[in-house]
2 protein chains.
Amino acid sequence: MVMPAACALEMIHTMSLVHDDLPCMDNDDLRRGKPTNHKVYCEDIAVLAGDALLAFSFEHIAVSTVGVTPDRIVRAIGELAKSIGAEGLAAGQVVDISSEGLTNVGLDHLEFIHVHKTAALLEAAAVLGAILGGGRDEDVEKLRKFARNIGLLFQVVDDILDVTKSSKELGKTAGKDLVADKVKDLVADKVTYPKLMRINKSKEFAEKLKSDALELLQGFDPEKSAPLIALANYIAYRQN
Amino acid sequence: MVMPAACALEMIHTMSLVHDDLPCMDNDDLRRGKPTNHKVYCEDIAVLAGDALLAFSFEHIAVSTVGVTPDRIVRAIGELAKSIGAEGLAAGQVVDISSEGLTNVGLDHLEFIHVHKTAALLEAAAVLGAILGGGRDEDVEKLRKFARNIGLLFQVVDDILDVTKSSKELGKTAGKDLVADKVKDLVADKVTYPKLMRINKSKEFAEKLKSDALELLQGFDPEKSAPLIALANYIAYRQN
């Protein structure tokens, strides 16, 4: 029922990584411990592979979803598409790129980037599951907000960990990526939650995002919401 | 009824041009007489603009199509997605790129490239119109074949004109693009229909494609098929 949509989300995540890794974007040579797509197949093929994967994600939902009424499939496709484009992932990336070197990035600006770049696909995952699973409109909207909260929570926790943990504790090796990240942080003075609201306020904000997320799950069948509660707690309390 | 799908096809065509023009692809500075997307906004934004446009094409069909049953919208989205990806446009481009410098390109190979790179979107346009317009399955398939034929016809005629007409008659200026094309033709010994089957056989093939296409339109309401007949004739008899 929801498996084609779940696969579609994986495809979209992967295509976003293939395009992100391109020399004109993050210029990464390695992804998941292996040479990136353009290192193996050249840049032109990497661009086309991402395009084909993006298109196939919609084909897969349209062609392979069974046991769901077509009106819900159309709604799901609309939601998924919106999470990728100029109101979703791509918007977050464009604003992120355009913000490099800016000194006046505020909280709203930072939240825009994370809500679009990180939370949008999580939101799509939750909303598509709800729509294709036959959820009521009000439940779809609750799950949308839940996912947006934990998406932002992920990023706030990431920023906190970057400040409070050593590289060793984070389990990151001092490879090319880390060095590049550090250099980028120093050069562009990358804005983070601890920088904008200090570490204690950032922790309070993370706690608020988590409790708001969990509150949105009240009223759902406990058996069904249990994995979502576990996910929120995992994101909130992860140590690396 | 079909307007959102028509707009979606324009978006997909445009995104394919934005990505095609990238330095890692055709490296074009001008498109439609204006600087290409990446020349104005940089490569990273051009990649993201194409991705966003591709996603929005599906969003637009899903959200804005009215007066059509959802099962037909789902079918249309499946068809459109297929025409872009690994069984459509992207496949044609990958094989085209991979064929550069090959000396053993035969007719099947050449046809694969053109059917995917040129005819696939035309096919999607015809098929989506037929599906969203409420056409019967057999009519959808007839229009699919019609579009594939005139898509291939377009390419065969293009190849013939390249051989039989001077640059002046073609109305092309000796700008960067033309020079680059000529150099590419010489260097890679680009395969064309006249090269593979000589000029007279190419003309016969074009005539056959056109008559097959027109035959597929028999049985349709003459008023509705008239623009399609005119299109086939225009493609067959254009002089530049």
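I took helix axes as lines fitted to C-alpha atoms over the stretch in contact, with angles running from 0 to 180 degrees between N-to-C directions. I kept in mind that this is a predicted model.

**Helix pair in chain A**

I looked up helix α1 (residues 3–20) and helix α3 (residues 43–64) of chain A. Their axes come within 9 Å and cross at roughly 170 degrees. Angles over 145 degrees count as roughly antiparallel, and α1(A) and α3(A) are therefore roughly antiparallel to each other. I listed the contact residues next. On α1(A) they include A:P4, A:C7, A:M11 and A:V18. On α3(A) they include A:V47, A:L54, A:F56 and A:I61. I sorted this contact by class and found 14 nonpolar, six polar and one charged residues.

**Nonpolar cores**

I then turned to the cores. The largest nonpolar core has 101 residues. A:F58, A:I77, A:L80, B:F58, B:I77 and B:L80 have the most contacts inside it. Helix α7 (residues 137–164) of chain A gives the largest share, 11 residues. Leaving out residues up to four places away in sequence, B:L80 touches B:A8, B:L9, B:I12, B:F58, B:I61, B:A124 and B:L128. Another core, of 14 residues, lies apart from the largest one. Among its residues are A:V18, A:C24, A:A46 and A:V47.

**The two copies**

Last, I compared the chains. Chain B superposes on chain A by a rotation of 180 degrees, with 0.0 Å of shift along the axis and an RMSD of 0.0 Å. The two copies are thus related as by a two-fold rotation axis. In chain B, the C-alpha of B:P70 is nearest that axis, at 2.6 Å. I also checked the contact surface: 100% of the contact residues of chain B recur in chain A, so the same surface serves both copies.

Technical notes
Residues numbered from 1 in each chain as written. Chains lettered and ligands numbered in written order. Predicted model: local features only at pLDDT ≥ 70, side-chain atom pairs only at ≥ 80, totals over all residues. Heavy atoms only, no water. Least-squares fit on C-alpha atoms with pLDDT ≥ 70 in both. Contact = heavy atoms within 4.5 Å. Helix = DSSP H or I, 4+ residues; strand = E, 2+ residues; numbered from the N terminus. Parallel < 35°, antiparallel > 145°, perpendicular 65-115°, else oblique. Nonpolar A, V, L, I, M, F, W, Y, C, P; charged D, E, K, R; others polar. Core = buried A, V, L, I, M, F, W, Y, C linked by side-chain atoms within 4.5 Å. Buried < 20%, exposed > 50% of the residue type's maximum accessible area, 1.4 Å probe, protein only.
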